[in-house]
Amino acid sequence: MAIVVLKDKCKGCKLCVKACPFEAIDMDGKLAVINEKCTSCKQCVATCKFDAIEDTDAGKEEEVVDLTAYKHVWVYAEQRAGKLMNVALELIGEGRRLAREISDETKVYAVLVGDKVDQLASECFAYGADGVYLLENDLLKIYNTDGYTKVLTDSIRQYKPEIVIFGATYIGRDLAPRVAARLNTGLTADCTRLDVKVSSYIDYANKNTTLDTSDLDPNSTETGLKQTRPAFGGNLMATIICPRTRPQMSTVRPGVMTKIDRIEGATGEIINAPVELAASDIHVEIVDVVKSAKEIVSLSDAEIICSGGRGLGDPSGFDLIREFAAKVGGVVGSSRAAVDAGWIDHSHQVGQTGTTVKPKIYFACGISGAIQHLAGMQTSDIIVAINKDPDAPIFEVADFGIVGDLYKVIPEIIAEWDKAEELYSESLHHTA
Amino acid sequence: MAFKIIVCAKQVPDTNEIKIDPVTKTLKREGVPAILNHDDANALEEALRIKDKYPDTHITVITMGPPQAKDMLMECIAMGADEGVLSSDRALGGSDTWATSNALAATVRKVAEKNGGYDLIFAGRQAIDGDTAQVGPQMAEKLGLPQITYVKEFEIADDMKTITVKRALEDGYQILKIKTPCMLTAIKELNTPRYMSIGGIYEATQKEIPTYSAADLGVDPDKEVGLLASPTNVYRSFTPAPKGKGVMIEAETEKEQADKLLVGLKSKFVI
Ligand SMILES: Cc1cc2nc3c(=O)[nH]c(=O)nc-3n(C[C@H](O)[C@H](O)[C@H](O)COP(=O)(O)OP(=O)(O)OC[C@H]3O[C@@H](n4cnc5c(N)ncnc54)[C@H](O)[C@@H]3O)c2cc1C
């Protein structure tokens, strides 16, 4: 333990015993003694009036991190109840791309944490993992912050990956910051783009952003992770680097990276990582895990999304949106205003605080196009906006804009949908 | 013994009001209202509800930020918090989440020293300007506290030692039990924050808000806080390129609009 009591300075005043939030200090006569409940919170160090308690880690010269000792890309392959999350497979695809860009020897590993999760390894291989680390223990059956943080941190210290990426799920965003803080390394939240090669970053920036890339050298051999993410509600994009510490860590939004095409029968190396975990390491008791009965909305996989906003006017408006989605083979989405009004469940929400989507077609019906909404859908292949206000900002990003009442326009689209082929060839005929 | 709660709050620009300067392509911050971060208001509200039930509860709101962040602390006092504490120093500027959590953990220790400990730290899940959701868990790590994030329902046993929460997941929720002291982070589903009260506003004007410098906190600007100590740095920042405006479909009737749209979609090979 890093906290020590200096015998010659301790006066036996017991201030620290009172200050300790964890009952981790006992008195041995007139001397304070730190017991095994100590979490290194350093409250006693701050409280002691006699400088008699020290954190032995604090003064220590920071270890100079040998960056070259860190190799390979790790993807935290999140599973819940023995099922892999989609984002895990997306990130394996992305991790593979990054690994190949770093060097021929760099590999992408999926890291499976849980209890008896080895059967998921083949799925990881099929989506591009070169290898799989298994971190198994019965105390890891259901996600818990303490257990998962401990085993993952231990493995990262032992195997020294260069990059570790997590899905920015409700669990990934609980686990990754805790792991990064324990390792004293950087973590970038909710990334929507990752690059290692400067040339790839330049290509991306030139195509998608207003960034002036003229000061970047496309021939640079530097391969530090460049992590791009929205900030200020999508008003600004920032690319973050982690130059001095390892591993470089990010959480990545579900739905933004692409899985590779499944490679049937692919295999690879499986490493059973040592796991040291005791029940006393875990401080939160799981009473129950409740899966909501609500329909599973897989917005991030949808090819077509029909979204409704406040412009629907009332909750029954979603009946029309559902009918529309059923006709075109789409999934129902919504703006936050519609969720806040209680018209539809949050799981349908698209945007900064909802799901990020990039379907082939995104229909925005009665949605004004607030920046937070755009942040979640503007990379859709085709955006169709239907809005009665010709000045609605949604039209600025729409490939096709229709000014009109959605209650009149959508029924016509539904009625005409099956005639699209015919209408198209007619239109060709006319112009030909 | 009174139950002691520390609430972490941040003053943030209202991201709805932010505009991009079309020439310089940078954020126009002037005239953008600074507000109490939404999720933090939920954290404070839950603390206030504990105080409603157990009136001897003591609530300290802490923040790190520029001197103006005092306004936000006053707002929190006006809502019902007992005191506000500001950690403010140029040496803290440019901190990333790792460094920020060092400064805030030191602030917690300082408050605990003053008030004789704490039982619960409540933070918002994330701030609307950075959206990282990292500072809460990273503080918990540095304070050696167990954590539960994404709290949407909260209940504390009468012994004031055991807390039961519903923690949101994308596909449901977990019911979890945790012992004090601990760190929780709130989401908006947890509650609806109250308004400031007239009495509270008066109260706020009467209160001194202590300000701690990096030296007061005992944090090292080279190794623990600020730009240079932060493991992450900004490499580049820019505004997203506006997606080019497409075609507006002009037609006499809705049927015609629909037909033109379908032809357009066909011509792009998406249907
Ligand atoms: C921190 C933060 C996070 C947020 N995250 C999100 C997020 O993730 N997702 C999100 O969507 N929002 C988010 N928001 C909210 C966002 O700022 C907007 O308030 C919201 O997107 C507006 O929803 P809307 O477009 O449905 O409603 P409104 O802005 O009210 O727009 C309704 C539109 O419908 C049109 N209309 C009305 N009647 C008709 C009709 N009969 N036919 C056709 N059109 C009609 C109107 O012209 C108007 O343009 C967030 C806000 C904050 C502060």
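Lys and Arg count as positive here and Asp and Glu as negative, with His and the chain ends left out. Keep that in mind for chain B, where the mean positions of the 33 positive and 39 negative charges are 4 Å apart. Chain A carries 46 positive and 63 negative side chains, and the centres of those two sets lie 6 Å apart. One caution before going on: this is a predicted model.

Let's take the chains in turn. Chain A has 432 residues, of which 55% count as buried. Its fold is built with 12 helices and 22 strands, and its C-alpha atoms fill a box of roughly 95 × 50 × 45 Å along the principal axes. If you look at contacts in chain A with a separation of 6 or more, residues 24 or more positions apart account for 65% of them.

Chain B has 271 residues, and buried ones make up 58%. Here you'll find eight helices and 15 strands, with the C-alpha atoms in a box of roughly 75 × 40 × 40 Å, again along the principal axes. Chain B exposes about 11,300 Å², and 54% of this comes from carbon and sulfur atoms. For contacts in chain B between residues at least 6 apart in sequence, 70% join residues at least 24 apart.

Now for the inside. The largest nonpolar core holds 42 residues, and the ones touching the most other members are Ile62(B), Val108(B), Tyr118(B), Ile121(B), Met139(B), Leu143(B) and Leu145(B). Both chains have a hand in this core: β1 (3-5) and β3 (31-34) of chain A each give two or more residues, as do β1 (4-8), β6 (58-64), α3 (97-115), β8 (120-124), α4 (135-142) and α6 (214-217) of chain B. The largest share, seven residues, comes from α3(B). Apart from this core lies another one, of 41 residues, with Val284(A), Ala41(B), Ile50(B) and Leu190(B) among them.

To see the packing from one side chain's point of view, click on Met139(B). Leaving out residues up to four places away in sequence, Met139(B) touches Cys8(B), Ile62(B), Ser101(B), Leu104(B), Ala105(B), Val108(B) and Met183(B).

Next, a lysine: Lys51(B) sits in helix α1 (residues 38-53) of chain B. Is Lys51(B) buried or exposed? Its relative accessible area is 18%, and because the cut-off for buried is under 20%, Lys51(B) counts as buried. Setting aside neighbours within four places in sequence, Lys51(B) is in contact with Thr57(B), Ile59(B), Gly80(B) and Asp82(B).

Over in chain A, strand β11 (residues 187-191) is worth a stop. Five of its five residues are buried, so β11(A) is largely enclosed by the rest of the structure. Its pairing with strand β15 (residues 248-252) of chain A is parallel and runs over three bridges. One pair to pick out is Leu187(A), whose bridge partner in β15(A) is Met249(A).

Most residues other than glycine have a negative phi, and most peptide bonds are trans. Arg246(A) and Pro247(A), however, are joined by a cis peptide bond, with omega about -5°. Pro247(A) lies in the loop between β14 (236-241) and β15 of chain A. Chain B has a cis bond too, between Thr180(B) and Pro181(B), with omega about -5°; Pro181(B) is in the loop between β11 (172-179) and β12 (182-186) of chain B.

Asp51(A) is exposed, at 54% relative accessible area. Lys160(A) has phi near 55° and belongs to the loop between α5 (145-159) and β10 (163-167) of chain A. With a relative accessible area of 30%, Lys160(A) is partly exposed.

Cys13(A) is in the loop between β1 and α1 (15-19) and is partly exposed, at 41%. From Cys13(A) to Val256(A) is 57 Å, C-alpha to C-alpha, across 243 residues of sequence. Gly313(A), in the loop between β18 (304-308) and α8 (317-328), counts as exposed at 53% relative accessibility. Gly313(A) and Ala266(A) are 47 residues apart in sequence, yet their C-alpha atoms are 51 Å apart in space.

Definitions and conventions: Residues are numbered from 1 along each chain as its sequence is written. Chains are lettered from A and ligands numbered from 1 in the order in which they are written. This is a predicted model: local features need pLDDT of at least 70, side-chain atom pairs count only at pLDDT 80 or more; totals for chains, interfaces and linings use all residues. Side-chain values use heavy atoms; hydrogens and water are left out. Helices (H or I, at least four residues) and strands (E, at least two) are DSSP runs, numbered from the N terminus. Buried means under 20% relative accessible area, exposed over 50%, partly exposed in between (1.4 Å probe, protein chains only). Contact means heavy atoms within 4.5 Å. Accessible areas come from the Shrake-Rupley method with a 1.4 Å probe; for residues, only the protein chains shown count as cover. The place of a charge is taken as NZ of Lys, CZ of Arg, CG of Asp or CD of Glu. A nonpolar core is a set of buried Ala, Val, Leu, Ile, Met, Phe, Trp, Tyr and Cys residues joined through side-chain atoms within 4.5 Å. Two strands pair if DSSP finds at least two bridges between them.
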